Every structure is written in C-alpha cells, then in structure tokens.
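Here is a short briefing on one protein structure. Look it over first, then work through the points below.

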Amino acid sequence: MPVIEVRHPLVKHKIGLMREGEISTKKFRELAAELARLLTYEACRDFELERVSIDGWCGPVEIDQIKGKKVTVVPILRAGIGMLDGVLDLIPNAKVSVVGIARNHETLMPEPYFERFVGQLDERLAMIIDPMLATGGSLVATIDMLKRKGCKQIKALVLVAAPEGIAALNAAHPEVEIYTAAVDSHLNEHGYIIPGLGDAGDKIFGTKEA
Ligand SMILES: O=P(O)(O)OC[C@H]1O[C@H](OP(=O)(O)OP(=O)(O)O)[C@H](O)[C@@H]1O
Ligand SMILES: O=c1cc[nH]c(=O)[nH]1
Ligand SMILES: [Mg+2]
C-alpha cells in the first residue's frame, strides 16, 4: 500500500506547530484546515486533464480542465470535520458522505454509530479524511463500509499516521493510498500516537483542555 508522506517544508512546518502541548483550539483548527488543503493538493496529482476550447479575451483559447472527476469527501466524525473545509476549498463541487465512528477507549475497537453516503459511489473517488491513523481500526471500518456500497476508488488523508495503523491498512486494503503529513514513532499503551497530536477530536471541538 502506498503511503505518501508529504515532505514539503510548509507541511512539515505546520504539522510541527500542531504538536505544541498548549496549542489553542483556534490555532489547532486553522492548522488542520491548512494541512488538509496541502494534502488535497498532493492527492489530486493524478487527476486526468482534458483540453477544451473556451472564449478567451482575444478569441478562442485551449485550456486544461479536470476531466469529469466525481469526488465524495468522507470525514470520519468527529475529528475528520476539522479537515473538511480545507478539502472543499480545493474541490468545491465534491459531495460529502459522513461516517461516525468512535474508538472504544478500552478495547480500541472502532464502534460505528452513523453513516450517510451520497449516491453513485461506484463512480466516485472517495477521499476519507481523519487527522489520526492510530491502530487503523476506524479507517479500515470506513473503507469496509465504502466498499460494501460499491466504491472502487479510495484515498485517505490523515495528518499523522502510526506504523501500526499503516500495517493494519496494508493488511486489509493494500490498494488504498494514504497521504499524510507525518509518519510517527509508535502507539502508547492507550493507543495514542507518539509523539502525535494528543486527542485530535477534543482539540478541534474544544471538549477537553489540550
Ligand atoms: O486508528 P484508530 O485506532 O481507529 O484511531 C483513530 C481514530 O480515533 C480518533 O477518533 P475518536 O474515536 O477519538 O473520535 P472523535 O473524533 O469523536 O474524538 C481519530 O479521530 C480517529 O478516528
Ligand atoms: O493519538 C491519537 C489516537 C487516536 N485518536 C486521537 O485523537 N489521537
Ligand atoms: Mg477523539
């Protein structure tokens, strides 16, 4: 499974800023959205172009356009919402499918509680967004759901990935590309990514002090 760690200086700078222990909700949110934009930019690199003729200021002009790409962005609740605006800034006509999954704090198993998918999933690229890929359970469960609905093209955008999560995804869905700002060291005994960001959902929604 291809893991694309985006090593652009802007990406590395911004993910570094997100690691500050006392970061404010406002700053964390802003950085999550900015990084989502930069990961989206990379994830769209293989979109096909077509030449079309339009009326320009001095007559007909040939331009490149993205060729009929249908996209659904799939935020995993809650934390994935923090990346949604950033992705939609660059793909404004994408449809949005929402998946709700809570990781059980004791077992670390994903517990799905909501799903609402857009139509024509068999024709769409699904771009799953979630800041954290830890054990991989939440992402694997989301891909399972999408595939059951007929989705054939899937990419995932995460801010931080743990090696354990990458391995789990590789075992379950080896063809799914992951775009990430950082591959971190490991998970701690509570399933948190080290050094990671802490609890991304809490930091985006302000439900707990950072
Ligand atoms: O790879 P995994 O081990 O499944 O862990 C990652 C998941 O855990 C977090 O969500 P959480 O369950 O804390 O929900 P929240 O977004 O509502 O905080 C995170 O946003 C991912 O969805
Ligand atoms: O490090 C982690 C792991 C799971 N969920 C988070 O928000 N952070
Ligand atoms: Mg959380």
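How many residues lie between E2 and E3 in the hairpin they form? The answer is two. Keep in mind that this model is predicted.

**The hairpin strands**
- Strand E2 covers residues 49–56 and runs antiparallel to E3.
- Eight bridges join the two strands.
- One pairing to look for is Ile-54, whose bridge partner in E3 is Val-61.
- Strand E3 spans residues 59–66, and zero of its eight residues are buried, so E3 lies largely in the open.

**The nonpolar core**
- In soluble globular proteins, nonpolar side chains tend to be buried together.
- Here, the largest nonpolar core holds 53 residues.
- Leu-35, Met-127 and Leu-157 have the most contacts inside this core.
- Helix H2 (residues 25–43) supplies the largest share of the core, with eight residues.
- Leaving aside neighbours within four places in sequence, Leu-35 is in contact with Val-11, Lys-14, Ile-15, Leu-159 and Ala-181.

**Around ligand 1**
- The shell around ligand 1 has 22 residues, and the closest are Arg-103, Ala-134, Thr-135, Ser-138 and Gly-201.
- Elements giving two or more residues to this shell include strand E4 (71–77), helix H4 (137–148) and helix H6 (200–205).
- E6 gives the most to the ligand 1 shell, with three residues.
- By class, the ligand 1 shell has twelve nonpolar, seven polar and three charged residues.

**Around ligand 2**
- The residues surrounding ligand 2 include Met-132, Tyr-192, Ile-193 and Asp-199.
- Ala-134 and Gly-201 are also among them.
- This shell has five nonpolar, three polar and one charged residues.

Terms used. Residues are numbered from 1 along each chain as its sequence is written. Chains are lettered from A and ligands numbered from 1 in the order in which they are written. This is a predicted model: local features need pLDDT of at least 70, side-chain atom pairs count only at pLDDT 80 or more; totals for chains, interfaces and linings use all residues. A residue is near a molecule or strand if its C-beta atom, placed from the backbone, lies within 6 Å of it. Ala, Val, Leu, Ile, Met, Phe, Trp, Tyr, Cys and Pro count as nonpolar, Asp, Glu, Lys and Arg as charged, and the others, Gly among them, as polar. Helices (H or I, at least four residues) and strands (E, at least two) are DSSP runs, numbered from the N terminus. A nonpolar core is a set of buried Ala, Val, Leu, Ile, Met, Phe, Trp, Tyr and Cys residues joined through C-beta atoms within 7 Å. A residue is buried if 20 or more other C-beta atoms lie within 10 Å of its own, exposed if 12 or fewer, and partly exposed in between; C-beta atoms are placed from the backbone. Two residues are in contact if their C-beta atoms, placed from the backbone, lie within 7 Å. Two strands pair if DSSP finds at least two bridges between them.
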